[in-house]
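This report covers charge pairs, a helix contact, a surface patch and backbone exceptions, in that order.

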Amino acid sequence: MEADNGRRWLRWPSDPARARLAYGADYNPEQWPRETWDEDMRAMRAAGVNIVSLAIFSWARIQPRRDVWDFQWLDDVMDLLHANGIAVDLATATATPPPWLTTAHPEILPVDRHGHTVWPGARQHWRPTSPVFREHALRLTRAMAGRYRDHPALAAWHVSNELGCHNVYDYSQDAAEAFRRWLRGRYGTLETLNLAWATTFWSQHYSEWDQILPPRLAASYPNPTQQLDFIRFSSDALKDHLRAERDVLRELTPGIPVTTNFMVMGEMKAMNYADWASEVDFVSNDHYPRPGPGARDELSFSANLTGSLAGGRPWCLMEHATSAVNWQPVNLAKQAGGMARDSLTHVAYGADAVCFFQWRQSAGGAEKYHSAMVPHAGEDSELFRSVAELGATLAALAPVAGTRRRRADVAILFDWESWWASELDSHPTSLLRYRREALDWYSALLAAGVRADVVTPVGDLTAYPLVVAPILYVVPDPLARRLEDHVASGGHLVTTYFSGIVDQNDQVRLGGYPGAFRDLLGIRVEEFGPLPDGEAVELDLGVTGTLWTDRVDLTDPATEVVATYKTGEQAGRPAVTLHRAGSGSASYVSTRLGPEGLAVILPRLLDAAGVTSELPPEVRGLVDVTIRTDGTDDYWFVINRSDRHVDLTALPGAPLRAPSLATEAVLAPRRVQVRRAPARDGDSPRPPA
Ligand code: GAL
């Protein structure tokens, strides 16, 4: 299927025009004897699997020595899959270099900030900037593309695997040299770099490029702009690797789409996916929730953000878990219904493919206790039965394939640069967590029954009546202008503590905080008031602030006080403000209120922006709702985010029937209902920005 912008979705080998959702897993047949492969095919068909990712960790098997290749087994697997109607997302197999390569070329091994070598023995032990690694990886990529370019099972290319999962920060000599090249590209002259890095501080002035190093272990805080640039560089170095493999694939197999699996989840922050997304033909994501109170909303948030990265086009959930993972201190099995609820949440936010790690649970190796579609117990298990039910459910949801998520009225602006820079060391507090604040707002909006799109600064903000920009710490001039223009043209902006503080070089905007937004917000902050861990302050609306307070002064009579500090150093001062400018407004929240506190002030902020819930009062806050549409039919994905039974009778449309979908009028906890309703008049599908 051709998506817009010339970018493509999976190339289905059989019956390409048929609408379908993809369903499958990482498939690692090399871990099993040949007989098992036949069992796999039968069981895959029984489960409704129509795609697998193959050869992700197969380098050592495909190329056991420098000039010895063994493709026979992979040819057989490809043929077998094709004969069974299963498409292949084929990896370039470059994720983990084999022992012969690391023995012959130990100079490809990463080095940590202490100068220690990261040895082979696990996976992904390669330097993103190593020319030797690159040469060998591209040789393998070329061999894979040459071998399988015409194979009928080939539906997509899967570059490497989770680029940067373990090797993003490398402090080796290769990295030092590549960092200098990158800095020359960014700054042109050493003088510009010295100014940007404020090297007059602590006697750091550079007089030759070769003096510059990655921020290796230092006596105290490394230069913050050097740190920020090293994070930017490290993301770019892996992006370069992605592009290098992709370009080989595009040269040899121009008709096959190329993807790689992102890690939009939790605190995985090193790769700027807003910047990577345009490099692939379609976006793929892996998602593993960390159990805990916010886990369900975090999953929704990640899926939502991934949908924005995909630009509203179909995207692939490349990996998630059927049940327990193996890498947490205690690995909990998912509760009944949890697996289908998680999978369908991704579909709700635009995924047209639902895949797991992995097909058959390994008997040996580091991940043998990680769940899979076929567990150690075998097919005669509750887990496998629910896997097959989910397969049947996704088949029944085929009409949803290719539909677009309707844009929400609220955008939450999510900015990797602010995430990186706001959490650097030597700041007013080390307790600040960028993503947690963004997630707090997301949860508060869900609780208010208001849909929000999580968008990046790359996207278009103009269509959103309300933009929420939590901890927007790094604000280059063009972004400041865009937000000013948004408000000037009648839009509404809400921002928080530690926003508008620095420019792109992490240099403070002077004259009082928040330098970039002082006039827009009609306030001035002379001093930050971070709170010790465990300390809280009371506000007059009966809400509590933690983490941070500000000494806020109003600078414009048009600035209204929404909430005031009652206790603490700032008692009597404004805590939440709203500044009207024409028909627009800009609001400021100077403390961490958490989802519960935000829920109290949110009605006032939504009201100022004219945003209302589109949900009937009886379901508001209890369900997470997205609407996917093809312009004729709307598909309402209604996901229970509460521990209660929720009466859905007031929602439009009628429930679709499928084994994992709830069809009753009352939605039980962990259940999902999909309702089809005629598309609203005059509403065309509007993808998120
Ligand atoms: C991912 C990885 C998979 C597997 C999975 C386990 O990071 O891509 O290969 O390790 O985690 O949760």
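The structure holds 40 salt bridges, a salt bridge being a side-chain nitrogen of Lys or Arg within 4 Å of a carboxyl oxygen of Asp or Glu. The model is predicted, and local features need pLDDT of at least 70, side-chain atom pairs count only at pLDDT 80 or more, and totals for chains, interfaces and linings use all residues. Residues are numbered from 1 along each chain as its sequence is written, and side-chain values use heavy atoms, with hydrogens and water left out.

One of the salt bridges joins R42 and E379, at 3.1 Å from N to O. R42 sits in helix α1 (residues 34-47) and E379 in the loop between β9 (351-356) and α12 (382-396), so the pair links parts of the chain 337 residues apart. Helices (H or I, at least four residues) and strands (E, at least two) are DSSP runs, numbered from the N terminus.

Helix α10 (residues 295-309) packs on helix α14 (residues 434-447) at about 100 degrees, with the axes 10 Å apart. Axes are lines fitted to C-alpha atoms over the stretch in contact, and angles run from 0 to 180 degrees between N-to-C directions. The two helices, α10 and α14, are therefore roughly perpendicular (65 to 115 degrees). Contact (heavy atoms within 4.5 Å) involves residues including F301 and N304 of α10 and L439 and Y442 of α14.

F201, W202 and Y221 make a nonpolar surface patch of about 380 Å². Such patches take residues with over 30% relative accessible area and no salt bridge, nonpolar side chains (Val, Leu, Ile, Met, Phe, Trp, Tyr) being joined within 5 Å; areas come from the Shrake-Rupley method with a 1.4 Å probe. W202 belongs to the loop between α7 (190-196) and α8 (224-252).

Most residues other than glycine have a negative phi, and most peptide bonds are trans. The exceptions below concern the backbone.

| Site | Feature | Value |
|---|---|---|
| F357 to Q358 | cis peptide bond | omega near -5 degrees |
| Y513 to P514 | cis peptide bond | omega near -15 degrees |
| F498 | positive phi | near 55 degrees |

Q358 lies in the loop between β9 and α12. P514 is in the loop between β14 (492-496) and α16 (518-521), and F498 is also in the loop between β14 and α16.

Key:
Angles under 35 degrees count as roughly parallel, over 145 as roughly antiparallel, 65 to 115 as roughly perpendicular and the rest as oblique. Patches are made of residues with over 30% relative accessible area and no salt bridge: like charges are joined within 9 Å, nonpolar side chains (Val, Leu, Ile, Met, Phe, Trp, Tyr) within 5 Å.
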